[in-house]
Amino acid sequence: MEDFFTLITGRTKGQAHGLHLGAGSPAHLEATSFIEICPKDMTRLGIKDGQIVRLRSDTGRVDVPARTGSLPAGLVFIPMGPTANALVGTDTFGTGMPLFKGQRVKLERI
Amino acid sequence: MSALIENVTCKFCGCLCDDITVEVEGDRILKAKRACPNGRSMFLNYDPASRNPLVDGQIVEWDEAISATVDILNGADSPLIYGLSSTSTEAQRKAVELADRLGAIIDSTSSVCHFPTSLAVQAVGEATCTLGEVRDRADLLIFWGCNPLVSHIRHFSRYSANAKGLLTPNGRKDRTLVVVDVRPTQTAKAADHFLQIEPGTDYEVLTSLRVLIQGQNIEHGVGGLSAEQLQELAHMMKTCRYGVVFFGMGLTMTPGRNYNVAELFTLGAELNRFNRFSVIPMRGHGNVAGADQVLTWLSGYPTAVSFARGYPQFGPGEFTTVDVLSRGEADAALIVASDPIAHLPWMAAKNLERIPTILMAPTANCSSKVAKVILPTACYGIDAPGTSYRMDNVPLRLRAVFPNTRPTDEEILSRIIKAVQPC
């Protein structure tokens, strides 16, 4: 089962701590390689906490574990970092700013 | 034998907390008293050991590394200088001088954080104040699309929600705290009022507030908020003594970007008909505000500047790094105190693998893996002194808590400037 979602990225305490231990370090990668999905969408898509889901955008594909998060339905969250950046496109609409918050992604259970 | 050094400024984020006491033993920092977890992690994990540069993965002397850097830059038709937000103001000046000499494009990390804010300032101006005024006077604080309890952890205690000041002697009790966001963040949980709006509706909500504060009415809700919620917020904004909106990436990274921010700045300016009202961006890196300042002094523009024609040209979407890299328009890159491989969309960042890239940074990062030349410089605020701009554009001095064993960004950039051929 798959569905489209709006991806937002953002900072977390774990992501910041991981950066100090080294961007690309195991701690940084672990802190930035998961997706938060709201309980309603988790139930609807039959996804359990910790289950690997596949995300696709026009620019990339990643497989990450899912976590239940406090979000509205249709919105998913990944901490800023390499995983999210594989999905965010390069169109800046003339502003220099990519769509770090608002990227359309397809999510499926695998 | 350890030593205590007081009043050290933490340069991790735009708060620039300047009340840190660090305990130093030899070349290691043992404690960073009063620092937040982010700042403490920066101080305690820093390794100031002497390190030589690398060229093609081989350890070389500084002269050889600078020579390799100069060869790359002299051989490029369209070099890009990127980063700058975690270096000193003094080094930023040198980076702009180098860009001018090379005819390069220069762009700070601001282009992927608050550059839409700069575009909005250019369009409509800003009503602003210092964080000292916020602490002393503000009785209404609105955090819009930002999460300071995660990203700027001491903002509440030093400057805003919990800070005690001249007209706010009881701190949190003297202020009303509102959070506007699309999700219930940690900051939202600390608020008196959390207004959860639908994603991508910031502009509409801000326009509705402008309508309301001008005395017009709205009959229907907007962006997931009821008409009553909007009316209540507009009433708070009009009747407070001193209001401040802090905003973050929730406005600058979402659809609408600079238009969202311009609408907020306009609302803030209009509220000054009723009381004092300011709008302040939550700047991320410790001296990203300084990068905007320095580039503006020297070129007239805050970032996204090309010197290719011999004079500064401003080009949002043209000379901004994600656009330059994704179109393959740079044929060499000098990265200063930044990590584009970790922080830019991969489809743009991966082009740094295809061009000769020089990385100037105090610690190894993801961009080290693609850099042809690595210049391990000292860290401003830990083993090098310098100047940094707080998020409210107040410049503060960064102290060195022990002597540097590696050269500073400013020193290395000065050597490169002397050695490169002018375009």
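What we have here is a predicted model, in which local features need pLDDT of at least 70 and side-chain atom pairs count only at pLDDT 80 or more, while totals for chains, interfaces and linings use all residues. Residues are numbered from 1 along each chain as its sequence is written, with chains lettered from A and ligands numbered from 1 in the order in which they are written.

Let me start with the sheet. In chain B, five strands, in the order E10-E9-E8-E11-E12, make up an open sheet with parallel pairing; strands here are DSSP runs (E, at least two residues; helices are H or I, at least four), numbered from the N terminus, and two of them pair if DSSP finds at least two bridges between them. Strand E10 (193-196) and strand E12 (276-281) of chain B each have a single partner strand, so one side of each is left without a neighbour in the sheet.

Strand E11 (residues 242-247) of chain B runs parallel to E12(B) and is joined to it by six bridges, and Phe247(B) has Pro281(B) as its bridge partner in E12(B).

Turning to the domains, the assignment for chain B gives domain 1 (51-112 + 286-419) and domain 2 (115-281), with bounds that come from an automatic or database domain assignment. Their C-alpha centres lie 33 Å apart, and eleven residues of domain 1 of chain B are in contact with seven residues of domain 2 of chain B, contact meaning that C-beta atoms, placed from the backbone, lie within 7 Å.

Definitions and conventions: Contact = placed C-beta atoms within 7 Å.
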